[in-house]
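We will walk through the fold stop by stop.

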Amino acid sequence: MKIVFGFLATIILIVSLAPFSYASDPSPLQDFCVALNASAVPVFVNGKFCKNPNMVVADDFYFSGLNKPGNTSNAVGSNVTAVNVDNLPGLNTLGISAVRIDYKPNGLNPPHTHPRATEILVVLEGTLFVGFVTSNPGNKLFTKYLNPGDVFVFPEGLIHFQLNVGKTNAIAFAGLSSQNPGVITIAKAVFDSRPIINADILATAFQVEKNMIDSLLQAQSE
């Protein structure tokens, strides 16, 4: 029953995103533009090349696997299974995508942003503490405890997070208003960039001693 509810919730989420589906991605100019893997072509486009419509099949619009739990055996205790244009080519130009997020007890989906998408999240199992922070200069934090059936929205580009505060595993599904929303995990971007950001810059930015920054950079490299 829980899996059925999960799939129904995903469908409702994606449909509910229709009014927002063009918030980031351009409007389609044809019925569909199934993504074509054309990485060998030395031309860059803002999106994906279109597959010949005569070669399109039903499987181009199909993805299977969101019923399967993700592996949460990692440092943060969460796992995101994404369904975007890279693994569902029929999403190309449609301005939507979806994710399943699994959390073990105390599992965290760390502070991150989606630079190209608004996210709407629905909890299927467990209890989550979620929140987002507004842009400068306000930097106001909005938080909420969510239970099964609860919905919360994270505005496009703002830093947000989810923490499993229950004693059991938690599951959530989310819809995003882009075929390729992107994700920037704040800690990873700041402390694990390639090449790394100069420690003096980070020490000044965070107003801490440089040795603390050095320790954080060392921890990320291990």
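Two strands count as paired if DSSP finds at least two bridges between them. The strands themselves (E, at least two residues) and the helices (H or I, at least four residues) are DSSP runs, numbered from the N terminus. This is a predicted model, in which local features need pLDDT of at least 70 and side-chain atom pairs count only at pLDDT 80 or more, while totals for chains, interfaces and linings use all residues. Residues are numbered from 1 along each chain as its sequence is written, and side-chain values use heavy atoms, with hydrogens and water left out.

**Stop 1**

Select His112 and Thr185 together. His112 stands opposite Thr185, which belongs to β12. The strands β5 and β12 pair in the antiparallel sense over 2 bridges.

Now widen the view to the whole sheet. This open sheet has 5 strands in the order β8-β7-β10-β5-β12, with antiparallel pairing. β8 (141–146) and β12 (184–185) stand at the edges with a single partner strand each, so one side of each has no neighbour in the sheet.

Which residue in β10 is the bridge partner of Phe129? Click on Leu163 to see the partner of Phe129. Leu163 in β10 is also the bridge partner of Leu108. β5 and β10 are paired in the antiparallel sense over 3 bridges.

As you look along a strand, keep one idea in mind: in a regular strand the side chains alternate between the two faces of the sheet.

**Stop 2: the sheet that starts with β3**

Here is another open sheet of 5 strands, with the order β3-β4-β11-β6-β9 and antiparallel pairing. Its edge strands are β3 and β9 (151–154), each of which pairs on one side only. From one strand to the next, the twist averages 20°; angles here run from 0 to 180 degrees between N-to-C directions, and axes are lines fitted to C-alpha atoms, for helices over the stretch in contact.

Select β3 and β4 next. They pair in the antiparallel sense over 6 bridges, and Asn79 stands opposite Asp102 in β4.

**Stop 3: some backbone details**

Most residues other than glycine have a negative phi, and most peptide bonds are trans. With that in mind, select Thr93, in the loop between β3 and β4. Thr93 is not a glycine, yet has a positive phi of about 75°.

Go on to Pro137 in the loop between β7 and β8. A cis peptide bond joins Asn136 to Pro137, with omega about 0°. Then find Pro195 in the loop between α2 (186–191) and α3. Arg194 and Pro195 are also joined by a cis peptide bond, with omega about -5°.

One more loop to visit: Gly166 sits between β10 and β11 (170–176). Its C-alpha atom is separated by 5.3 Å from that of Thr127, although the two residues are 39 apart along the chain. Leaving aside residues up to four places away in sequence, Gly166 touches Pro105, Asn106 and Thr127; contact means heavy atoms within 4.5 Å.

**Stop 4: two helices**

Select residues 199–206 and 210–221. These are α3 and α4, whose axes come within 9 Å and cross at roughly 115°. Which residues of α3 meet α4? Ala199, Asp200, Leu202, Ala203 and Phe206 do so, and on the α4 side you will find Lys210, Ile213, Asp214 and Leu217.

**Stop 5: the largest pocket**

Finally, show the surface. On a 1 Å grid over the protein atoms alone, a pocket is an open set of points with protein on both sides within 12 Å along at least five of seven lines, whereas a cavity is a set where a 1.4 Å probe fits but cannot get out; lining residues have an atom within 4 Å of a point.

The largest pocket is lined by 24 residues. Select Val80, Asn109, Pro110, Val183 and Thr185, which lie nearest its centre. The elements giving two or more residues to this lining are β3 (78–83), β4 (97–103) and β5 (108–113).
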